[in-house]
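Biologist: I would like to go through this structure with you, one piece at a time. Could you put it up?

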Amino acid sequence: MAEPTSSSGAVNVPPLLDLTIDNITPNTIRINSQSGDARLTYVMARLVTHLHDFARETRLSTEEWMKAIEFLIACGKICSDEFILLSDVLGLSLLVDSINHPKPVGSTEGSVLGPFHTHDAPLLENGSSMTSDPEGEPMLALCTVKDTKGNPIPGVTIDIWETDSSGHYDVQHAGRDSPSERCVMVSDEEGRFWFKGIKPVSYPIPNDGPVGKLLEKLKRHCWRPAHVHFMFKKEGWDHLITALYIRGDPYETSDAVFGVKKSLIVDLEKVDKETAERYGVMEGIWLLKHDFVLTTEKETEELRDKLATEALQKLGLNLKLVDHLPVPDLD
Ligand SMILES: [Fe+2]
């Protein structure tokens, strides 16, 4: 009997017949291993292994399998951001960020991106207001961005976004015609950036879709503690996605998407007379002060490689890093 051929015509897999609970996994991995791309082969092999083990360990019922398929279809139908939300509530987003952007002690830790960053935020001069919400409690933010040695980093592009006082991002309002409660700034020669916004409020993540229903079933709440998002970009520096959380929020220790870290919790102050005059704001409004610390791409890369090597050794896997990602070490 002729052996089956792959789509590329290569004959390198045995006939896939009489597959069982016990041999389906190695055979699936073999048929997936023809691309010549070591990383793709490895990732697919691990995915299939864990997926199959999941089914074997849970004795996954046909009904449950179908429910999962329907759940994923529903996620895709409601909005593509539902998948980010799903990744967030499963803790995967935070895990991937932690693996990819490890932070040396003293640098600013990362947090979840969430589904509400947009690419149309206006580039504003330092000192500008990014709020158009008259109901929000005014807040002045005075920030710096420095390296791990305390030197200012000028020319960093910073995306900043938060909800309005009702706990909604602008994109959640029907009929949004322009960005609001978001902007892009650039740090000055002394690494400073400053803006006017509003005191952030806690808000529920979208809970009218499949992910919301899942949380309800799991008896989990859907709230995020009050925060402002920040994203820092400059060539040669590690891309930092983070957020600052306001101390004392009722959801501080139970964030629905696991984004809070102690180092990212801040105390708001009140603007004094001198600061008010200097920045052209009312005395007594909220003041957010924070010094962000970036690491270089090289620093992050070295730390990521070191942690990856240690983690793989601990797992006892015979792997090597190629382009900073593990693949089987066949040498
Ligand atoms: Fe958020």
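Biologist: Which residues in helix 6 meet F71, A74, C75 and I78 in helix 3?

Modeller: This is a predicted model: local features need pLDDT of at least 70, side-chain atom pairs count only at pLDDT 80 or more, and totals for chains, interfaces and linings use all residues. Residues are numbered from 1 along each chain as its sequence is written, and side-chain values use heavy atoms, with hydrogens and water left out. Helices (H or I, at least four residues) and strands (E, at least two) are DSSP runs, numbered from the N terminus. In contact (heavy atoms within 4.5 Å) with F71, A74, C75 and I78 of helix 3 are these residues of helix 6: P210, V211 and L214.

Biologist: By class, how many nonpolar residues does the contact of helix 3 with helix 6 have?

Modeller: Ala, Val, Leu, Ile, Met, Phe, Trp, Tyr, Cys and Pro count as nonpolar, Asp, Glu, Lys and Arg as charged, and the others, Gly among them, as polar. The contact of helix 3 with helix 6 has no polar and no charged residues. The count of nonpolar residues is seven.

Biologist: How are helix 3 and helix 6 set relative to each other?

Modeller: The axes (lines fitted to C-alpha atoms, for helices over the stretch in contact, with angles from 0 to 180 degrees between N-to-C directions) of helix 3, residues 62-78, and helix 6, residues 210-217, come within 9 Å. They cross at roughly 135 degrees. Under 35 degrees counts as roughly parallel, over 145 as roughly antiparallel, 65 to 115 as roughly perpendicular and the rest as oblique. Helix 3 and helix 6 are therefore oblique.

Biologist: What about helix 3 and helix 4: at what angle do their axes cross?

Modeller: The axes of helix 3 and helix 4 come within 6 Å. Here F71, L72, C75, G76 and I78 of helix 3 meet E82, F83 and L86 of helix 4. This contact divides into six nonpolar, one polar and one charged residue. The crossing angle is roughly 130 degrees.

Biologist: And how do helix 4 and helix 6 lie to each other?

Modeller: E82, L85, L86 and V89 in helix 4 meet P210, V211, G212, L214 and L215 in helix 6. The axes come within 9 Å and cross at roughly 25 degrees. Helix 4 and helix 6 are therefore roughly parallel.

Biologist: How much space lies in the second largest pocket?

Modeller: Grid points are joined across faces, edges and corners, and a volume is the space filled by probe spheres set on the points. The largest pocket holds about 1,800 Å³. The second largest pocket is lined by 17 residues, including C79, F116, Q172, P206 and D208. Its space is about 320 Å³.

Biologist: What is the volume of the largest cavity?

Modeller: The whole structure has two cavities of 30 Å³ or more. Of the 13 residues that line the largest cavity, G114, P115, Y203, I205 and R224 are closest to its centre. Its volume is about 70 Å³.

Biologist: Which residues line the second largest cavity?

Modeller: About 30 Å³ of space lies in this cavity. Its lining divides into three nonpolar, two polar and two charged residues. They are K103, T108, D238, L240, V293, L294 and T295.

Note on methods
On a 1 Å grid over the protein atoms alone, a cavity is a set of points where a 1.4 Å probe fits but cannot get out, and a pocket is an open set with protein on both sides within 12 Å along at least five of seven lines; lining residues have an atom within 4 Å of a point.
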